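Subject: Structure for your review

Dear colleague,

I am handing over the structure we spoke of, and my notes follow below it.

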Amino acid sequence: MHKLLTDKPGHKLLLLGNEAIARGAVEAGAAFATTYPGTPSSEISLNLFQISKETDLYFEYSTNEKVALEVAAAAANAGVRTFCMMKHVGLNVAADPLMTLAYVGVTAGMVILTADDPFMFSSQNEQDNRYYGKLSGLPILEPSSVEEAKEMMAEAFALSERLKEPVIFRTTTRINHSTAPVVLGGIQKPKPKGHFTKDPMNYVTVPAVSRKLHARLLERWDQALALAETSPYNFTEGKGKFGVICNGVSFGYVSDAIKDLNADDRIKVLRIGFSHPLPGKLITDFIRDCDKVLIVEEGEPYLEEGVKAFAQEAGLTLPIKGKAKELFSRLYELDPATVRERIARYFGLDYTPRQPVDLGNVPEVPQRPPNLCAGCSHRATYYAVKKAAEGLDTVYPTDIGCYTLGFLPPLSMGDFLICMGSSVSTACGFAQATDQKVIAFIGDSTFFHSGITGLVNAVFNNHNFTLVILDNGTTAMTGHQPHPGVDMTRQNMEGYGRVSIEDVVRGVGVPHITVIQPFKVKKSIEAVREALEYKGVSVIISREICMLYAKGLKELNPRPFYISDKCKNHRDCIQEIACPAFFLEGERVRIDPTACVGCAVCAQICPENAILPLKKEG
Amino acid sequence: METTRLIIVAVGGQGNLLSSRVLGEAALLAGVPVRMSEIHGMAQRGGVVESAIVFGDAKSTIISDGEADILVGFEPSETLRALNKCNSDTVTVTNLAPAPPFTVAIGRGVYPDIDRIQSLIREKTRRLIALDATALAREAGNVLAVNMVLLGAMTQTGIIPLTADPIRETIQTKTREAFVETNLKAFDLGFQQAECCLVE
């Protein structure tokens, strides 16, 4: 049985934030779950995917977040409790359905989780998705700890049903990827099937209907506001004339700081966990008897703007600060010492910070950037394209996945990236606006996510570029989730269809299509060269299973290579393909046999043919 | 309960997350409040993995610069890189077996001298316990048990509020059955080795 199905209320389990959230959804009887994977949210869906194999929960990896939200919106309007989860930028992809789903509402509880990523540990931006609450009019709940994340998830479904609106559940990386003991609650049995009742005058959003629905949304916004004013998630702690208002993980840092500073008789705290609509009356009452107020929040001054507006309405002129040069930055994440120091300074409390050791005479430690794995097919593809394009003035739009790492030297294959799917559409623009040779890279999962529409555009507008689809048979970066091109029988899973990338590319009318096996280096270079000569849209599908995925499926049969005495130390292997299985022993290049899986790419480029397979012992 | 802050740094694949997990479960078993966080986005792709473990009464799950009570490094250059987490009172435990990053092989960096790493850490922090955890893991029967060796060594320091018993019990119940014996042996070897270092 899956650990998160443990039916022992009161029992304590050590859970990752994302496990706690998944457990919360299970306890709430969520019966329908959709997602597109993205760090830091991925373990929530991974756990629900596993749980769905053992229970009545329906779970799907949808093609992208917009699709995930639309699938979920229908389920929630058929009376099924539904959970839709994604990373913060995923909500941009799903923003179109989100905005009008807010007008339509739901008939069963629906929670939309956005996992924000302050500091961008694994994201292209650190946008603050609390503004989606304002933009859509939907309520937002934000937990401050792993335990609370589980509790709040169940409450989020109840709140959604009360308001008949989806609830946005906003986390940050430090909730998703923190671990703490969590007390289990009871599990509500999911109700997997509902019934859709026709009501086109409330469901079909033509202008006349939407005008009515927008008014209804504002009424529900008022109800949400009334609930936020009395919500147990918006609570006060401590006493004194100094006030701190905070949310999310900042609350933990603030609580620890006040304890460390022995200031709980001087500083009171308002924790905002139900953060849209902001409880104006509660906030005004809180600040009314403060001498000064500090707002502690990561990201944008979302709370701060609200608090200042309420103060203005109430005619209160006390100092209220948050984001300022001398206080908190809008950049990156907060940490306990920064919060402690700012609180002490702002309120004039005694505090001597711990001095980190002086790093003045510490030599620079060589960087350890993440690298494509030994035996990664992307490295081989990049090498082939680089060789085929030698001498050309190139632009390499790239996309989001493991293969993005190819932008680092020595491969240096990646020039432009803004979001999922952008490789294909930006290739259209670069090809039209320059006379450079444009070669774009996209992974298989990303191609299904949002690459296809760009490719249709390229065919219709007859843009001149080559798109390389790096098809490694899985969504590798986020932990080997399936996508529509994956053969699910390989994982012993039945009931799935399968979409062929080649058929899609052919179907949208791409005139020049080549499929290569990237570990055949010479053939691949020739095939790429030919594709590059084509005027118009050409697509190369580079097909080779992800080495780690193959390992997980127990389909990998490593056949390590070694560097023989024939080596004359040209170092083409190490300089050009930079596989992490190489290391230097004195001045000699060696291959770590425990890392090498035997892709043989280096063996094919060695000018002395010095790289040979290790003979199996015995 | 007093707060104790532990940072563990490692290279992806060294089993840092399992050792954190064992500590967390052992704390739960022993009734010691615990919270942890980890940054492991690209662990499988050779990046650095950092865990923060906060024992005692605190709500934060991360540890600021200069605030670690104990730093444990699974790789010497990574221990040095994490020195910003230390203050003059921090106790550091490090593996001495280097795993040079790939940037060194392609000439984009120089791996620091191991003796220099040790003298720098000794000079700046309260105490350094340095051991060849990789050799001890090999001695225990599995070179991958470096994480268990270092768990043993950090337990010996007495800085973390856990004794060997709940940790050994957790290794028994929460690590893969086939490895329990070597894991325990590796833990004990690390525990003993660190005792020698403490005496010095």
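In what follows, helices (H or I, at least four residues) and strands (E, at least two) are DSSP runs, numbered from the N terminus. This is a predicted model, in which local features need pLDDT of at least 70 and side-chain atom pairs count only at pLDDT 80 or more, whereas totals for chains, interfaces and linings use all residues. Residues are numbered from 1 along each chain as its sequence is written, chains are lettered from A and ligands numbered from 1 in the order in which they are written, and side-chain values use heavy atoms, with hydrogens and water left out.

I begin with A:Glu608, which sits in the loop between helix 22 (601–605) and strand 23 (611–613) of chain A. Burial is judged by relative accessible area, with buried meaning under 20%, exposed over 50% and partly exposed in between (1.4 Å probe, protein chains only); A:Glu608 counts as partly exposed because its relative accessibility is 24%. If residues up to four places away in sequence are not counted, A:Glu608 touches A:Lys566, A:Lys568 and A:His570, where contact means heavy atoms within 4.5 Å. With A:His570 there is also a polar contact between the two side chains, at 2.7 Å. A polar contact is a pair of N or O atoms within 3.5 Å; within protein, one must be able to donate a hydrogen and the other to accept it, and residues adjacent in sequence count only if both atoms are side-chain atoms.

A:Asn569 lies in the loop between strand 20 (561–563) and helix 21 (572–577) of chain A. Its phi is positive, about 65°, although A:Asn569 is not a glycine, and at 25% relative accessibility it counts as partly exposed. A:Ser412, in the loop between strand 15 (394–395) and helix 16 (422–433) of chain A, also has a positive phi, near 55°, and is partly exposed with a relative accessible area of 34%. As background, most residues other than glycine have a negative phi, and most peptide bonds are trans.

Two cis peptide bonds also deserve a note. One joins A:Thr39 and A:Pro40, with omega about 10°, and A:Pro40 is placed in the loop between strand 2 (32–35) and helix 2 (42–52) of chain A. Another runs from A:His276 to A:Pro277, with omega near -5°, and A:Pro277 lies in the loop between strand 12 (274–276) and helix 12 of chain A.

A:Pro40 is also one of the residues that A:Asn18 touches, leaving out those up to four places away in sequence; the others include A:Glu43, A:Asn176 and A:His177. A:Asn18 belongs to helix 1 (residues 17–27) of chain A and counts as buried, at 0% relative accessibility. The side chains of A:Asn18 and A:Glu43 are joined by a polar contact of 2.6 Å.

In helix 12 (residues 280–288) of chain A, the buried residues to look at are A:Gly280, A:Ile283, A:Thr284, A:Phe286 and A:Ile287. They lie on the same side of helix 12 of chain A because they cover an arc of only 160° around the axis, the arc being that of the directions from the helix axis to the C-beta atoms.

What did the search of the whole structure find in the way of cavities? There are 8 cavities of 30 Å³ or more, and about 140 Å³ of space lies in the largest cavity. On a 1 Å grid over the protein atoms alone, a cavity is a set of points where a 1.4 Å probe fits but cannot get out, and lining residues have an atom within 4 Å of a point. The lining of the largest cavity has 18 residues, with A:Gly375, A:Cys579, A:Cys596, A:Cys599 and A:Cys602 nearest its centre. Helix 15 (377–388) and helix 22 of chain A are the elements that give two or more residues to this lining.

In chain B, B:Gln14 is found in the loop between strand 1 (4–11) and helix 1 (16–30), and at 16% relative accessibility it counts as buried. The side chain of B:Gln14 reaches the backbone nitrogen of B:Val11 at 2.9 Å, and a polar atom of that side chain lies 3.2 Å from the backbone oxygen of B:Phe74.

With best wishes

Terms used. 1 Å grid on protein atoms, 1.4 Å probe; cavity = no way out; pocket = protein on both sides within 12 Å on 5 of 7 lines; lining within 4 Å. Points joined across faces, edges and corners; volume = space filled by probe spheres on them.
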